[in-house]
Amino acid sequence: MRPKTAFLLVLAGLGALVAGCGGGEEETPATPDASPSPASEETPTVSLPDPRLKGEMSLEEAILRRRSRRDFKDSPLTLGEISQILWAAQGITGKTGLRAAPSAGALYPLDLYLVVGKQGVDGLGEGVYHYLPQSHSLEPTLEGDVRQTLARLSSGQMSIAEAPLSLLITGEYERTTSKYGERGVRYVHMEAGHVGQNVYLQAEALGLGTVTIGAFQDEEISQALNLPSSYRPLYVMPIGHPEP
Ligand SMILES: Cc1cc2nc3c(=O)[nH]c(=O)nc-3n(C[C@H](O)[C@H](O)[C@H](O)COP(=O)(O)O)c2cc1C
């Protein structure tokens with residue numbers, strides 16, 4: 001189904017929203033997003049700046065300060081900040097292609113998407129972007145600001161609509177179950193947890209905030225974001241400058 005069709009179905013009140021599991025959920029406003037459209041094949045990938053390998057906050061302090069943050073300022077993130085977040089999540093950190101988070105059998109079943117709002121990131125238009133770890137770059141996949149849609153499909157959690165961007169962690173089970181059978185499903189979920197924690201800690205160290213959101217409608221999000229059909233959404237993580 002095309003994203004536009006999925007969007008209209010959502011507007012028509014498709015399905016009941018799933019129950020939230022973390023509190024802090026609020027109603028989203030009625031204003032819908034403009035209809036998104038797939039990014040043109042000519043739209044160039046966006047190279048990200050190299051991540052820095054030394055920070056100002058110690059690991060211990062980041063662990064101490066880490067909290068789920070759901071209220072964000074309007075201010076945009078920089079390309080440097082999203083480069084750092086994506087590197088901490090799935091960046092290549094080893095000569096043989098090993099990554100920042102562990103993976104069962106080094107099979108790497110997770111793919112990351114950024115859902116960027118209007119003026120959400122300096123130098124990046126609103127839309128959905130697929131992270132390419134090998135080139136540390138972003139491939140545009142959808143044009144338009146779909147934060148309201150994503151929030152509506154996530155129990156109406158306003159943090160998603162208000163954050164300048166959200167990170168979406170998806171998993172393709174087959175990459176891991178082809179080696180480990182049904183147990184691979186568990187491994188993929190564990191890996192999403194590892195990535196989520198790296199993102200929490202990196203965000204905190206950058207003075208940003210985030211929250212792991214697990215309450216959402218899988219199928220509808222896949223359709224609205226035009227994800228490949230074998231990619232399952234596992235976590236939504238709104239990211240921004242936290243309100244004090
Ligand atoms: C698997 C999982 C799903 C979660 N889903 C949501 C969610 O849908 N919405 C939300 O606001 N918080 C969600 N949270 C965040 C928890 O509410 C939060 O971690 C918990 O309240 C503890 O607070 P802390 O993270 O600040 O220590 C989730 C956390 C986990 C681990």
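**Close-up views of a predicted model**

**View 1. Salt bridge between Glu204 and Arg69.** Glu204 pairs with Arg69 in a salt bridge (a side-chain nitrogen of Lys or Arg within 4 Å of a carboxyl oxygen of Asp or Glu), and the closest N and O atoms are 2.8 Å apart. Because Glu204 lies in helix 7 (residues 183-205) and Arg69 in the loop between helix 2 (59-65) and helix 3, the pair ties together parts that are 135 residues apart in sequence. Helices (H or I, at least four residues) and strands (E, at least two) are DSSP runs, numbered from the N terminus. Glu204 is buried, with a relative accessible area of 6%, whereas Arg69 is partly exposed at 23%. Buried means under 20% relative accessible area, exposed over 50%, and partly exposed in between (1.4 Å probe, protein chains only). This is a predicted model, in which local features need pLDDT of at least 70 and side-chain atom pairs count only at pLDDT 80 or more, while totals for chains, interfaces and linings use all residues. Residues are numbered from 1 along each chain as its sequence is written, and side-chain values use heavy atoms, with hydrogens and water left out.

**View 2. Salt-bridge network of Asp111, Glu172 and Arg175.** Arg175 forms a salt bridge with Asp111, with the closest N and O atoms 2.7 Å apart. This pair links distant parts of the chain, as Arg175 is in helix 6 (residues 174-180) and Asp111 in strand 3, 64 residues apart. Arg175 also forms a salt bridge with Glu172, again with a closest N and O distance of 2.7 Å. Arg175 is partly exposed at 23% relative accessibility; Asp111 is buried at 11%, and Glu172 is buried at 17%. A search of the whole structure finds six salt bridges.

**View 3. Positive phi at Tyr108 and Ser155.** Most residues other than glycine have a negative phi. Tyr108, in the loop between helix 3 (79-90) and strand 3 (110-116), has a positive phi of about 50 degrees. Ser155, in the loop between helix 4 (147-152) and helix 5 (158-162), has a positive phi of about 55 degrees. Tyr108 is buried at 11% relative accessible area, and Ser155 is buried at 12%.

**View 4. Leu138 in the largest nonpolar core.** This core (buried Ala, Val, Leu, Ile, Met, Phe, Trp, Tyr and Cys residues joined through side-chain atoms within 4.5 Å) has 52 residues. Leu138 is among those with the most contacts inside the core, together with Ile82, Leu114, Leu167 and Leu225. Leaving aside neighbours within four places in sequence, Leu138 is in contact (heavy atoms within 4.5 Å) with residues including Thr45, Ile82, Leu114 and Tyr131.
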